[in-house]
Amino acid sequence: MADGLALHQVGVRFGGLTALDDVSLTVGPGEVVGVIGPNGAGKTTLFNVVCGFVTAHTGTLTLDGRPLRPRPHRLTRLGIARTLQGTGLFAGLTVLENVMAGASHTARSGLLPALLGLPRSDRDERRLREHARAVLADLDITAYADAAPGTLPFAIRQRVALARALAARPRLLLLDEPAGGLGADDVDTLAELIRQLPHRATDPCAVLLVEHHMDLVMAVCDRIVVLDFGRVVATGSPEAVREDPAVVDAYLGAAVDEAA
Amino acid sequence: MDRFLFLTLDGLSRGAVYAAFALALVLIWRAGRIVNFAQGAMAVAAAYVAYSVTAATGSYWLGFAAALLAGLLLGAIVDVAVMRLVDHRSPLNPVIVALGLVLLIQAVLGMVYGNEYLPAQTPFSRTALTVGGTAVLSPYDLFVFATVGVVGAALVWVFTRTAIGLRMRAAAFAPEVSRLLGVNVGGMLTLGWALASGVGALAAMLVIPTGLGLHPHAMDLVFVSAFTAAVLGGLDSPPGAVVGGLGVGLLLSYVSGYAGGDLIPLAVLALLLTVLLLRPGGLFAPVTARRV
């Protein structure tokens, strides 16, 4: 079976509402896959299924061909990291500590070595700190290491959130509306960054992207999956999807609904 | 003047214990947004464990270690077996459950050990040393300062300089996000309870010998004083708890020295009321911007 993440005919219902219906998609190594669709099409539910916040009622998930039964706190160990809409940074921690927290599942030593100040605990902490600094440097935000996230411009906070996700060294990165609230220049920089992720020399990762910002999706994705009312209505290259009548329909339909 | 100096030093020594106990309250408040009203009773239970171990082995220090261990364990047990099962949607629920726990623990201790005061030993003399004819600190006071200082420093170290401390802080700030980052949020909360309860047990071990002795209610007034100290400093602020603890210790020492020991409970409650009326967020409350 194929490497990477695969969803096979996944269905999710909330009471009588069908949030996802028969959704299948794959994200192979080195791929950037976009998920688009009108509000309420099931994009966020799709992410929540992969993260284990929501359990699929039907269908299966596999990761590298093995069945995947995701649970949120096991996710980073499986090599999957996720960013959240609106960054979700820890307000009480510095930027550096936020990024360190992203990799903290790799720390081995428990409370007792920490309390006793044993070398093992020190090594853990130093390694985390150095790794987090390296990730900050990668994303050009070293200057903000000691700042509180709340004091930073939104674009920088988004970048810190990305750094925190990357600090976990994921093989698959789930990006939930990373362009939300960004200006045009910032979106261009972000696009450049996302395109590089699968081809980086260290810790390359595939990307599954949920985004409203069409220019960004078209610019970075190898493949696009279009959801409408919880169903996949189209899938293919950005060019093919742009011309697909079902897609035009879904978006026009949504526009008419909102106007009504 | 001599008397003032003596009362000040004695107040600081008491205050150090209040500071430790207040710190334990702040730890749990920060980790789970619960004021642990059962902390006094839990700490007394740990002190009784020390009493039993010391009686059986004849060693104060074995008893001391047993109390710390019992404190850690009891904290973890209370979190996993009691608090985790309580519906936290109303903040009143955990408070009521904690108060119930107080009654339960004190009743069980009374049944097992009896409701009389048991003698509590100190490892060092409580006779104040005199410097140039002025009574100052006793060796035991110095032991109290040193112990509280070491524990405070250890806590600061764990929370700011270790990976597990970082995880505990992250879990407290945003549980859902932390879960996504692979943090065992429930485990961190249990750890927070264990640490806090361990610190509470330590405070009980330090303060009980300076009172009438070991009794199921031995920590009641200490709890109220430490709670006042924590509120004074702001429940969210560890440095605030320390400053609040020392402040309350000083105040109570002056009240008892100049106006009479009977007035201590009254003074504590008057202070608590004043703080709640004038500055309910505490002296060290961070400035919070309100979202409009």
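**Figure 1. B:Arg33 sits in the loop that links helix 1 (2-32) and helix 2 (39-57) of chain B.** Helices (H or I, at least four residues) and strands (E, at least two) are DSSP runs, numbered from the N terminus. What you see here is a predicted model, in which local features need pLDDT of at least 70 and side-chain atom pairs count only at pLDDT 80 or more, while totals for chains, interfaces and linings use all residues. Residues are numbered from 1 along each chain as its sequence is written, and chains are lettered from A and ligands numbered from 1 in the order in which they are written. Although B:Arg33 is not a glycine, its phi is positive, at about 55°. B:Arg33 has 13 other C-beta atoms within 10 Å and is therefore partly exposed (20 or more other C-beta atoms within 10 Å make a residue buried, 12 or fewer make it exposed, and partly exposed is in between; C-beta atoms are placed from the backbone).

**Figure 2. A:Asp64 lies in the loop between strand 4 and strand 5 of chain A.** Take a moment with the backbone here: A:Asp64 is not a glycine, yet its phi is positive, at about 55°. A:Asp64 counts as partly exposed because it has 15 C-beta neighbours inside 10 Å.

**Figure 3. An open sheet of four strands in chain A has the order 2-1-4-5, with antiparallel pairing.** The edges are strand 2 (17-27) and strand 5 (66-67) of chain A, each of which pairs on one side only. Two strands pair if DSSP finds at least two bridges between them. Seven bridges connect strand 1 (residues 5-14) and strand 2 of chain A in the antiparallel sense. To find your place along these two strands, look for A:Val12, whose bridge partner in strand 2 is A:Leu20.

**Figure 4. Helix 1 (residues 43-51) of chain A lies across strand 1, strand 2 and strand 4 (58-63) of chain A.** The helix runs at about 65° to strand 2 of chain A (axes are lines fitted to C-alpha atoms, for helices over the stretch in contact, and angles run from 0 to 180 degrees between N-to-C directions). Helix 1 of chain A is mostly covered, with eight of its nine residues buried. Those buried residues are A:Lys43, A:Thr45, A:Leu46, A:Phe47, A:Asn48, A:Val49, A:Val50 and A:Cys51.

**Figure 5. Strand 7 (residues 172-176) of chain A is largely enclosed by the rest of the structure, because five of its five residues are buried.** A:Leu172, A:Leu174 and A:Asp176 point one way from the strand, whereas A:Leu173 and A:Leu175 point the other way. In a regular strand the side chains alternate between the two faces of the sheet. Strand 6 (residues 80-82) of chain A runs parallel to strand 7 of chain A and is joined to it by three bridges, with A:Leu173 as the partner of A:Ala81. Strand 8 (residues 206-210) of chain A also runs parallel to strand 7, joined by five bridges, and there A:Leu174 has A:Leu208 as its bridge partner.

**Figure 6. Strand 7, helix 6 (residues 184-196) and strand 8 of chain A make a right-handed β-α-β unit.** The crossover is right-handed if, with the strands pointing away from the viewer, the path from the first strand over the helix to the second runs clockwise. Chain A as a whole has nine helices and ten strands. Its radius of gyration is 19 Å, close to the 18 Å that the globule rule gives for 260 residues, so chain A is as compact as a globular protein of that length (the radius is taken over C-alpha atoms, and the rule is 2.2 Å times the number of residues to the power 0.38).

**Figure 7. Where chain A meets chain B, 30 residues of chain A are in contact with 22 residues of chain B.** Two residues are in contact if their C-beta atoms, placed from the backbone, lie within 7 Å. On the chain A side, helix 2 (95-102), helix 3 (111-116) and helix 4 (119-138) are the elements that give two or more residues. The chain A side divides into 15 nonpolar, ten polar and five charged residues (Ala, Val, Leu, Ile, Met, Phe, Trp, Tyr, Cys and Pro count as nonpolar, Asp, Glu, Lys and Arg as charged, and the others, Gly among them, as polar).
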